[in-house]
Amino acid sequence: MNRAPVVTGLGCLCAAGNGLPEVVRALEAGVRRCAPPARFTADLERVYPVFEITSALDESSATGGRTRPSRCSRLALLATLEACREAGLESGELRRRRVGVCLGTTVGCTLNDEPFYREFKQGAGPKLEPIHRYLANNPALFLAETLGLSGPVATLANACSSGTDAVGLARSWLRGGLCELVIAGGTDELSRITYLGFIHLLIAAQEPCRPFDAGRTGLNLGEGAGVLILETRESARERGARALATVAGYGCAADAWHPTAPHPEGKGLRRAIGQALLDAGTRADKVDFINAHGTSTPDNDRIEGAALADLFPHAPPVVATKAFTGHTLGAAGGIEAVLTVQALRDQRLPATPGFERPDPACRITPTTRNIALRAEVGLSDSLAFGGTNSALVLRRED
Amino acid sequence: MPGLEHELKAMIITDLKLEDVRPEEIQDDDPLFGEGLGLDSLDAVELVLLLQKHYQIEIKDMEEAKQAFASIRALADTIRARQLAI
Amino acid sequence: MALAIIGVGTVCALGCGVGALRAGLRGEARPEVEVHDIATPGGVVRLPVYMARPDGLERFMPKRSLRRVDRFARMALLASFLALEDAGIEPADRARVGIVFGSGYGPLQTTFDFQDSMIDFGDKCASPTHFANSVHNAPAAQVSMALRIEGPCQTVTCFEWTTAGVLKTAQAWLSEGVVDYVLAGVGEEYCPLRGYAAAGLGAGGDCAIAPFDFERCTYAPGEGFAAFLLRDDAVADAQYGRIEDVRVSQDAALIKERLETHQAVFLAACGAKQEGAAYRKITFEGLNYAAHAPLYGSMPVGLGFELAAAALSIADRRLYLRPSARADAKAEGAAPSQTLSAGAALACVQAVGDSGYALISLREVGGHADPAAMRKMCCEGGWMNENWNISGLILEGICGSGKTTILHSLLRSERFVLRSFPSSIVLSEHQTQRVLERKERETGLTPEDNVGLLEQHVSYLEAARDRLTQMEWCENKRTNMRVPYLLERFHFTHVCHYSHVTWEHVSPIDHRLAKLDCKLCLLVIPDELLRERIITGRDSAWHDYLKRYGATDEEILQYYTTQQNILRDLLARSELETRIIDTGAATIDQAMTQVLDFWGAV
């Protein structure tokens, strides 16, 4: 009996588009929206472009009630509503059934209100509205309260692998019978504070990112949300919902190496991918394509590329969708899981923009044109700050 | 000892919190990273920031950092060269 | 599935380790509560704050590796090491150990240190190190690096739901067989902004936390970290009990019903007014309940500390109902602790908002507590950090200073015998001075001879350390991977005794010893005792020997005084941690204890 949970809905917002169909069109057209940040400025010699959502967010959706929702919360809600529409889950059903929510984030759980802190530092005794807002906007808690959910709730803060880990944890909840449905994925917003942090780590690029390219110089930050509706196969059948894919396997392992740099031989990544394949009961040579972490930093792409080349000698196509979305931190794993499922549905992968010249040290080359696939199995992997590595194996449903 | 080299050693010890090291123990030509002092990539980016803060010198990427941070002498030479150029 | 708690480590205002927590629960110790003056628009608020003191991390990690580690991560590290030490377990495969931590607010101090660097010095001067440490998952990453734990490593952040989320993740990993052990932990950190927010939300005033006085706000911010080593209950002794249920619910009636089957309930009530309604709905006449926030402070992850208190109740078979469950905080002395029945269950509950509850059910299952001595012998730092598995002491001093006597005593002492089994390295001065005397007679000595002999020993010690580093962990509770070494007189003697040897000749040796975790103890004789120790009461063979140092007693004494002064002067030049012990002022036993305490390795 196949106990792996199924995906019945997808939702996605990012710089590439407001909603999954728009995102898919942008990927197909090779359109990148990468520019200096519009919502904030930084006093620096140089400019570091980002993948910002510049279109207005739909404000008509339900709000959290007591205080104004944060941008992270709104992005998560919009992506969730899109995914619920696809899964045929309307608000009454969400309240009636036992529905959990598991989201990854980075900015969404940090007390990052710079104007408030500046005032506090000066002894100006600022009002506490930003504190109330922070306390009311934990992404998973916000969704649970807004949608009236009664299942398990968790926000994961695992830096760049949070979204992937959220899908993995949601899968465990379903397998363990804690609930029948889970809203899983990730959400993050651009923040001036995080922006300065990455720039000073010298891993941000001054140009649009170039995954796996010999001349790559670093990442661009991005923002957005990627949400999947996961449920047990029984629940989907009972609701008459169409299964889009199966979350066949998940693996997670730590490098135990360094606070910011990945293990030079990708030790944790190799183990995480191996575990995910084992969990899925799938051999490496059955993986038909890979959605890489592909941040475009010199270290990441070299280490990840070598690991993928070793683990998948049959050289399946590799796409680095951060070239379209930027590095959305806590949302990345969610957005990339969404795009992996979408690739299984459409049987298409876009070219990876920004890539021109192969780097022998990376040992792999990402997609250079839009391609048709005959894919049953896709892999999405993530490497996080602090050395957590995670991977998901997703299998097509007919 | 030339003033700038000594100043840099003191700064590195204080700002990178190398409590058990004395300035006299750092030779001007010793490698700062890997062997020698054993600093790592996170120290390197912190050092970039310290150069900006204390000497208003900008290092724009890791390639430039590798050159400038090869040793105390390399660091001092970089600072002196940039300051002359202003 | 059920989780066995096999080790607990806590850092909080009561101090570090389960011993400190236990003392607080028994009413034998009080927490450190500072009163901070918080400037608010409405005036100055006096806010009690439960500050933790993460002291003692140097016992587990070399100081150098802590240089970049911020305070929150230190609390997490210390609690984690303490939990593992408490469990006395050495997992066979570090890739099958997982880490799941949780925090509501995350590493606050370093979050604001980063913002300080931007605000105070400009955007160009924002500190990347502070940024790297400020992400919520940094403490878990630090612990995975320090302990070389390579299984899944994740961080949950969900305010008051965090503790339940952490335990549920641990359950998932263990039940799926992804790992054999999980190090689960929750913690919070205090910072001035948190105090400002608390004051603004109604906290403050000179009063203790009164968890059951729901008419007023007695919230007092606390910080700390509680870590638990967990295993699948089917295969482990569980001295701290078995977690049978972790549930979250909006149904007060259901929770109340569950509580009826527990011998007592520990509530994470922490002085916040708005909790009142929720807690009232689940407590009832006849229910044995207590809240321990007056011991550790108010924080979103308070449920984790209640779990620690419950775990100790189980291990000690005593219900820790202190502070009193009654609303009157002054009646603290009144509540006795009762015996916990065999097989009984304790519940830990945290109310969230108006109507949410997180419940943990912990049952006593008859696991025995390991004898304290065995645990101490097994785990004091050695196996957990492979750079720290060899540790040495050099005993220096002129003749008559008591080296030999103290060395004999030390080697027979219970502390040394317990800790040095099965391997230790002990070399007396015969290995240094006597070997050279013959060569000196025959061919004369060069500095290279002296240094060569010292080098042989240091190289051996380095080789021993490297071999230990390569040893695999093993599933044996009694394995002692820490090898102590004792040298009676070493490089200091060579400089002081041989005029052709200078400090510059031996300073590389000194440096290598520093990297072998070596300390040095200089035993000194006060002037007035010199004659008695060196000359009086010794046999004629000794007197003949002394003649080489002077024709008269005065000359001999002058020689030894000079020698002792040279040794003293060398202390300042050495990289080693050093201590002078005056053997005139102490008995042999006292001196030996001072030596052992200073060494710290045994």
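Hi everyone, let's start at the interface: nine residues of chain B are in contact with nine residues of chain A, where contact means C-beta atoms, placed from the backbone, within 7 Å. On the chain B side, helix H2 (residues 41–55) gives the most, with five residues. That side of chain B divides into five nonpolar, one polar and three charged residues; here Ala, Val, Leu, Ile, Met, Phe, Trp, Tyr, Cys and Pro count as nonpolar, Asp, Glu, Lys and Arg as charged, and the others, Gly among them, as polar.

A quick word on the source: this is a predicted model, where local features need pLDDT of at least 70, side-chain atom pairs count only at pLDDT 80 or more, and totals for chains, interfaces and linings use all residues. Residues are numbered from 1 along each chain as its sequence is written, while chains are lettered from A and ligands numbered from 1 in the order in which they are written.

Now to chain A and strand S12, residues 377–383. Helices (H or I, at least four residues) and strands (E, at least two) are DSSP runs, numbered from the N terminus. Is S12(A) buried or exposed? Seven of its seven residues are buried, meaning 20 or more other C-beta atoms within 10 Å of a residue's own, with C-beta atoms placed from the backbone. Val377(A), Leu379(A), Asp381(A) and Leu383(A) point one way, and Gly378(A), Ser380(A) and Ser382(A) the other.

What does S12(A) pair with, pairing being at least two DSSP bridges? Strand S8(A), residues 289–291, joins in the parallel sense over three bridges, with Ile290(A) opposite Leu379(A). Strand S13(A), residues 388–396, runs antiparallel to S12(A) over seven bridges, and there Leu379(A) stands opposite Val393(A). S12(A) and S13(A) form a hairpin with four residues between them, and Gly386(A) in the turn has a positive phi of about 90°.

How values were computed: Buried ≥ 20, exposed ≤ 12 C-beta atoms within 10 Å, placed from the backbone. Pairing = 2+ DSSP bridges. Contact = placed C-beta atoms within 7 Å.
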